[in-house]
Every structure is written in C-alpha cells, then in structure tokens.
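Please look over the sequence and the structure first, and then follow the sections in order.

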Amino acid sequence: MILVADSGSSKADWTITLNGAERIEFSTKGINPFFVNEKEICKILSSYPEVQEYNSKIKEVHFFGAGCSSPDKREIVSNGLSKVFSKAFINVENDVLGAVYATCGTSKGFTCVLGTGSNIAYFDGEKAHYGKYGIGFILGDEGSGAYFGKKIVTAYLYDKMPQSLKKAFEASYQVDKESVILNVYQKPSPNIYLASFSRFMYKHLDSTFIRSVLCEGFEEFVETHVLKQTHYQAYPCHFVGSISYFFKDVLAEVCNRHKIKLGKVIASPITGLTEYIIKNTADQSV
C-alpha cells in the first residue's frame, strides 16, 4: 500500500492506494513543521480511523507539505510520520513540488501555489526550480489566503470597507482590535486565522471592493513571482490551491492582462499527485 499526502498549513489531503486500483481518501488538519512538532503530528494522525486501520500495512509514504523546504523541517515531519507508519519508507518533500507533479507531470511549465500561503516553481521537464521570494505570510505570500485575510481585517479595523460590506462582515464575525492582536501575535497558526477571512470574500465576490482587493493581490503575486521568471510567456502557468480555484475568474483577468498562458487551475493536487506517484513507482519497478 502507498500513502500520498498533500498538506498546506490549514488542511492535508491523503490518499491510500490499496493493492490494485482501489483508493481511500481522507483529510486532516494541516501539517506544517513551522507550526507543529513530531508529537503533534502523531496526535493529529492518531485520531483518524483510516490511519489506525492501515498504518501497519502501508509500505510507502510520500508526503508533500508546506514548510518542508529545508532538511531540518523535513526531518520533523519524517520523524513524526515514522512513528505512525513504522514499517513504511518515508519521503518528505515541499508542497510546491507536489503541485508541480500534479500539474506539469513531465512537461515544462510554471506552477503557482495560492492557498493559505503562496509560491512558484518552474519545471524544466526533469527538475523543479523554485522562486526566490518564499518569505512567509508576514513579509510575503502575495495573493494567498493569509495575504487577503490581512487586507480584509485591516480594511475593517481602519474603517475602509463600504458600509454595506462592513455590516455583512460584522454579521459574520466578531472582530475587534484586541481579538485580532490576540490571534495574530499570541495564538498559534496566525496564518490560518488570517486565511479564514478569505471565505467572506467568496461570499461577497459581487462587491466592487472585494474584486478590487483580489485584483490588487493577484497583480502583486504576478509582478513579484511570475514576471520575474525567464520566458514566463513561453509555457503554461498552472495554479493550485483554494484561492486560485475559487477566484479563478479574477485570476484569469490578471493573467490575460500580462499575456500569461493560464494552464490548469485546481483546488487540490492530491488526485494528480497520487497518479503521478503511482505511475512513477510502477515505472521504477519494471
């Protein structure tokens, strides 16, 4: 049995491929080594019946996650997974590589991740080349859920929202300066807290103000990450993540303005990623 996982900071998607073509899919809380340790990884996984039933039978675990770019962070995840799947070979990579496999496959192209955070990679057909600006939600993550959450919360607190939108926001959330400071500066996973406000944007996508915020954020992502890539117009530019998927009409407008060839736009890479891993594993065994 092979287990493939794609994890952002908010949510992780898992697929167990049984002997044959049968697959079991489930989701857990996100596993990002910047915010969880080995013990917390074990605790997260131990509460799911799919893990309890198959953990001793799984032979390979291929985990692609946010925050897994450096060896020390990958080791945290690998050690946590090893304690749960004690008989399995464990492979941990960053989430951008998983998105590349799910979108580009073996073809050249760019893959952008727009979920809780944001990132980009160019795939030359054999190797992924990562962007230079992955500096996290405080300094970067342009066009991400956390980025837009900051824009919405500050617009509300600074009284820059249109009055009708402000009333709708107040009906949906109980937000004030003290609660925001507590959640952003004192509680764990502030990026997830901020990204949660992106749901409000989707509910009010007909608002001129919301569309303006989206355009500004996607423009900033494209200018910072895509336009700096050599030959960015030569290959398709794929997008993965809930933000790109649910706001793809606005994203398409921004890409069109810059003559970017919009490729696949998918909410989650887990299906394509699993197919890539299974095929690659089968090819190597031949």
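## Terms and basis

A residue is called buried when its relative accessible area is under 20%, exposed when it is over 50%, and partly exposed in between, with a 1.4 Å probe and protein chains only. This is a predicted model, in which local features need pLDDT of at least 70 and side-chain atom pairs count only at pLDDT 80 or more, while totals for chains, interfaces and linings use all residues. Residues are numbered from 1 along each chain as its sequence is written, and side-chain values use heavy atoms, with hydrogens and water left out.

Helices (H or I, at least four residues) and strands (E, at least two) are DSSP runs, numbered from the N terminus. Contact, or touching, means heavy atoms within 4.5 Å.

## Aromatic pairs

A pair of aromatic rings is described by the distance of the centres and the angle of the planes. Rings of Phe, Tyr and Trp (its six-membered ring) pair if their centres lie within 6.5 Å, and planes under 30 degrees apart count as stacked, over 60 as edge-to-face and the rest as tilted. By this rule the model holds 20 aromatic pairs. One of them joins tyrosine 122 and tyrosine 235 in a tilted arrangement, at 5.9 Å centre to centre and with 40° between the planes. Because tyrosine 122 lies in strand β7 (residues 118–123) and tyrosine 235 in the loop between α11 (208–226) and β9 (237–240), this pair ties together parts that are 113 residues apart in sequence. Tyrosine 122 is buried at 17% relative accessibility, whereas tyrosine 235, at 23%, is partly exposed.

Phenylalanine 169 and phenylalanine 200 make an edge-to-face pair, 5.1 Å centre to centre with 90° between the planes. Phenylalanine 169 belongs to helix α7 (residues 163–172) and phenylalanine 200 to helix α10 (residues 198–203), so the pair links parts that are 31 residues apart in sequence. Phenylalanine 169 is buried, with a relative accessible area of 0%, and phenylalanine 200 is buried as well, at 1%. Phe169 and Phe200 also take part in one aromatic cluster, together with Tyr156, Tyr173, Tyr193 and Phe197.

## A charge over a ring

A charge sits over a ring if NZ of Lys or CZ of Arg is within 6 Å of the ring centre and within 35 degrees of the ring normal. Lysine 73 is placed in this way over the face of phenylalanine 34, at 4.5 Å from the ring centre.

## Helix packing around α11

For the packing of helices, axes are lines fitted to C-alpha atoms over the stretch in contact, and angles run from 0 to 180 degrees between N-to-C directions. Angles under 35 degrees count as roughly parallel, over 145 as roughly antiparallel, 65 to 115 as roughly perpendicular and the rest as oblique. Helix α11 packs with helix α13 (residues 248–257) at an angle of about 45°, their axes being 9 Å apart, which means that α11 is oblique to α13. On the α11 side the contact includes Arg211, Leu214 and Phe218, and on the α13 side Val250, Leu251 and Val254 are among the residues that make it.

Helix α11 also packs with α6, here at an angle of about 140° and with the axes 10 Å apart, so α6 and α11 are likewise oblique to each other. Residues in this contact include Tyr147, Phe148 and Ile152 of α6, and Phe209, Val213 and Leu214 of α11.

## Single residues

Two residues other than glycine have a positive phi. For aspartate 159 the value is about 60°, and this residue is found in the loop between α6 (145–157) and α7, where aspartate 159 is partly exposed at 48%. For serine 189 phi is near 55°; serine 189 lies in the loop between α8 (177–185) and α9 (190–195) and is buried at 18%.

Asparagine 191 lies in helix α9 and is buried at 6% relative accessibility. Leaving aside residues up to four places away in sequence, asparagine 191 touches Ser9, Phe35, Thr116, Phe137 and Ala146. Alanine 99, in helix α4 (residues 95–103), is buried at 0%. The C-alpha atoms of alanine 99 and proline 269 are separated by 5.7 Å, although the two residues are 170 residues apart along the chain. With residues up to four places away again not counted, alanine 99 touches Thr111, Val113, Val240 and Pro269.
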